[in-house]
Amino acid sequence: DCTGHGVPGALINIVCTNALNRAIKEFGLTDPAKILDKVAEVIVESIGMDGEVRDGMDASICSFNRVTRDLYWAGANIPLWIARSGAVYELLEFRPDKQAIGLTEERIPFTSQKIEIRKDDILYMASDGYADQFGGDNGKKLTRKKFKELLMLQRGKSLAEQQINLLNFHNDFRKKGDQIDDILVMGIRIEK
């Protein structure tokens, strides 16, 4: 999720996409935190250190080992949620590092979290656009808390049903108001 608007935002998007591709393809990185660190380095090299461009990117990235069933995840301002069925249905939240990818005053290395994945877990990663939408009866922001509650209501539904439910809720919530940001909500069900 790149920051910035208009032409500057589009250019940052191109720089960030290029940096992500380079981190994975050119540098061969697979650890999510190392990927985010390299992306940050490439972005700063691309836009310079003079401090004029403060835009960058928020991200959530993971790699999954199918043999060990371990998920490695790192986030830059974007959390990971895992819906897990069992004796109790729960939505686990994994908190990101509180820094964007790009030029920052005191960059610290990103951290990867190792998470054991179970059959039928659903991984959710989302940009801030859905939760930041204004609407409802009072024209207020939806909020991340209410977005999480909405994800909890998707229990037992297929991903296709969830997509329709989230889209319908979004459209009903914003009513005739404009969509204020780009929106990406990604759900991945682990079937085996």
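Which helix is I12 found in? I12 is found in helix 1, where helices (H or I, at least four residues) and strands (E, at least two) are DSSP runs, numbered from the N terminus. I12 is buried, with a relative accessible area of 4%; buried means under 20% relative accessible area, exposed over 50%, and partly exposed in between, with a 1.4 Å probe and protein chains only.

Some ground rules. This is a predicted model, in which local features need pLDDT of at least 70, side-chain atom pairs count only at pLDDT 80 or more, and totals for chains, interfaces and linings use all residues. Residues are numbered from 1 along each chain as its sequence is written, and side-chain values use heavy atoms, with hydrogens and water left out.

Now the overall picture. The protein has four helices and eleven strands. Its C-alpha atoms fill a box of roughly 50 × 45 × 25 Å along the principal axes. Of the 192 residues, 36% count as buried.

Next, R84. This residue lies in strand 4, residues 80-84, and is buried at 8% relative accessible area. Its side chain makes a polar contact of 2.7 Å with that of D121. A polar contact is a pair of N or O atoms within 3.5 Å; within protein, one must be able to donate a hydrogen and the other to accept it, and residues adjacent in sequence count only if both atoms are side-chain atoms.

On to salt bridges, each a side-chain nitrogen of Lys or Arg within 4 Å of a carboxyl oxygen of Asp or Glu. The count comes to nine. One of them joins D70 and K114, at 3.7 Å, N to O. That pair links distant parts of the chain: D70 is in strand 3 (residues 70-76) and K114 in strand 7 (residues 113-116), 44 residues apart. Buried or exposed? D70 is buried, at 11% relative accessible area, whereas K114 counts as exposed at 56%.

E93 forms a salt bridge with K148, the closest N and O atoms being 2.5 Å apart. Here E93 sits in strand 5 (residues 90-94) and K148 in helix 3 (residues 144-152), 55 residues apart. E93 is partly exposed at 23% relative accessibility, and K148 is partly exposed at 24%.
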